[in-house]
Amino acid sequence: MRLLKLLLIPIAMAVGTTARSQELYVFSEPASNMPAKSIGIRLTNEGVFNPKFATRTIPEMMIGFNKNLMIHVQGFFSDMDGGYKAEGASLYGKYRFLSVDDVKSHFRAAAFVRISSSSRPTYTEDINLEGDNSGLQGGLIFTQLLHKLALSSTLSYSKAFERNSKQLTGMPKPDQMLGYSLSSGYLMLPFVYKNYNQPNLNLYFEVLGKTNPENGHSYLDVAPAVQVVLNSRTRIDLGYRFEVAGNMANRYTKNMYLARVEFNFFNVLK
């Protein structure tokens with residue numbers, strides 16, 4: 001009996017991981033957490049081509065303490081202001097407070113908070129706490145899995161903590177921002193699961209928006225992406241976000257590519 005239990009644990013873990021693979025959104029987080037007692041390592045490169053080519057590299061560690069609580073620790077490095085240099089860091093925590101499970105479907109709800117620090121000068125009212133601004137963000141995430149389709153929505157509020165010495169003369173000052181997103185992910189392959197070593201191919205389409213509550217300035221981006229998951233442990237993302245509407249000048253994340261690789265180590269924490 002004990003041997004059977006030892007064999008079933010990793011299989012159940014793998015099935016659980018692949019069953020939610022279409023929730024691994026590229027530009028947003030799902031309400032679901034990574035497996036408990038697990039560690040993930042990511043390396044993200046993102047950048048823009050206009051008005052000049054500039055990139056940012058984001059190394060990241062993710063820790064799943066239990067089925068409800070996980071954190072991300074990020075560092076930011078870029079050549080946005082000339083030479084390639086360290087910009088700052090961020091700590092993100094997510095707590096899943098609701099789970100409703102059914103056969104081939106589930107609903108999750110989670111609350112999150114992020115605190116970030118950045119040395120970059122401020123030149124836009126947009127608040128990007130993944131490299132461009134110092135500040136605090138909090139919000140809610142709701143994710144629904146329906147067999148091969150996963151839908152998710154996020155609502156957030158951000159407050160910038162910028163020093164006056166970083167503010168560029170004549171540029172709008174970041175203060176507050178409301179954020180919202182609607183994300184969808186569809187599992188294209190495999191058609192039928194036979195084992196957890198089968199590669200997963202997921203397609204994503206996300207809608208990402210923000211509004212400045214003080215003046216009504218806003219933007220709306222669409223972000224298609226493709227993802228491959230290998231052996232339920234290695235993830236490769238490629239995506240691009242396009243602005244389709246907006247009146248917020250000098251945004252860094254406007255028309256931005258993203259490439260990412262991620263490795264997961266399950267059940268490594270005691």
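Biologist: What makes the contact between Lys254 and Glu243 a salt bridge?

Modeller: The closest N and O atoms of Lys254 and Glu243 are 3.9 Å apart. The term asks for a side-chain nitrogen of Lys or Arg within 4 Å of a carboxyl oxygen of Asp or Glu, so this pair qualifies. Strands (E, at least two residues) and helices (H or I, at least four) are DSSP runs, numbered from the N terminus.

Biologist: What kind of model is this, and how are residues numbered?

Modeller: It is a predicted model, in which local features need pLDDT of at least 70 and side-chain atom pairs count only at pLDDT 80 or more, while totals for chains, interfaces and linings use all residues. Residues are numbered from 1 along each chain as its sequence is written, and side-chain values use heavy atoms, with hydrogens and water left out.

Biologist: Why is Lys254 put in its accessibility class?

Modeller: Its relative accessible area is 37%. Buried means under 20%, exposed over 50% and partly exposed in between (1.4 Å probe, protein chains only), so Lys254 is partly exposed.

Biologist: How many salt bridges are there, and what does the pair Glu29 and Arg42 look like?

Modeller: The count comes to 21 salt bridges. Glu29 and Arg42 meet at 3.6 Å, N to O. Glu29 is in the loop between helix 1 (2–19) and strand 1 (38–48), and Arg42 is in strand 1, so parts 13 residues apart in sequence are tied together. At 17% Glu29 is buried, and Arg42, at 9%, is buried too.

Biologist: How do you know that the salt bridge of Lys210 and Asp126 links distant parts of the chain?

Modeller: The closest N and O atoms of Lys210 and Asp126 are 3.5 Å apart. Lys210 is in strand 9 and Asp126 in the loop between strand 5 and strand 6 (135–146), 84 residues apart. Both Lys210 and Asp126 are buried.

Biologist: Why is the ring pair of Tyr240 and Phe242 given the type it has?

Modeller: Five aromatic pairs are counted. In the pair of Tyr240 and Phe242 the centres are 4.6 Å apart and the planes are at 45°. Rings of Phe, Tyr and Trp (its six-membered ring) pair if their centres lie within 6.5 Å; planes under 30 degrees apart are stacked, over 60 edge-to-face and the rest tilted, so this pair is tilted. Tyr240, at 22%, is partly exposed, as is Phe242 at 39%. Elsewhere, ring pairs link Phe49, Phe53 and Tyr257 into a cluster.

Biologist: What makes Arg56 a charge over the ring of Tyr252?

Modeller: The charged end of Arg56 is 4.6 Å from the centre of the Tyr252 ring. The rule asks for NZ of Lys or CZ of Arg within 6 Å of the ring centre and within 35 degrees of the ring normal. Arg251 also lies over a ring, that of Tyr219, at 3.4 Å from the centre.

Biologist: What makes a set of residues a nonpolar core, and which residues have the most contacts in the largest one?

Modeller: A nonpolar core is a set of buried Ala, Val, Leu, Ile, Met, Phe, Trp, Tyr and Cys residues joined through side-chain atoms within 4.5 Å. The largest has 18 residues, and Val26, Phe27, Tyr204 and Tyr252 have the most contacts inside it. Strand 9 (200–211), strand 10 (218–230) and strand 12 each supply at least two residues, with strand 10 giving the largest share, three.

Biologist: What stands out about the backbone at Pro51 and at Asn231?

Modeller: Most residues other than glycine have a negative phi, and most peptide bonds are trans. Asn50 and Pro51 are joined by a cis peptide bond, with omega about 10°, and Pro51 lies in the loop between strand 1 and strand 2 (54–64). Leu189 and Pro190 are also joined by a cis bond, with omega about 0°. Asn231 is not a glycine, yet has a positive phi of about 55°; its place is in the loop between strand 10 and strand 11. Asn250 likewise has a positive phi, about 65°, and lies in the loop between strand 11 and strand 12.
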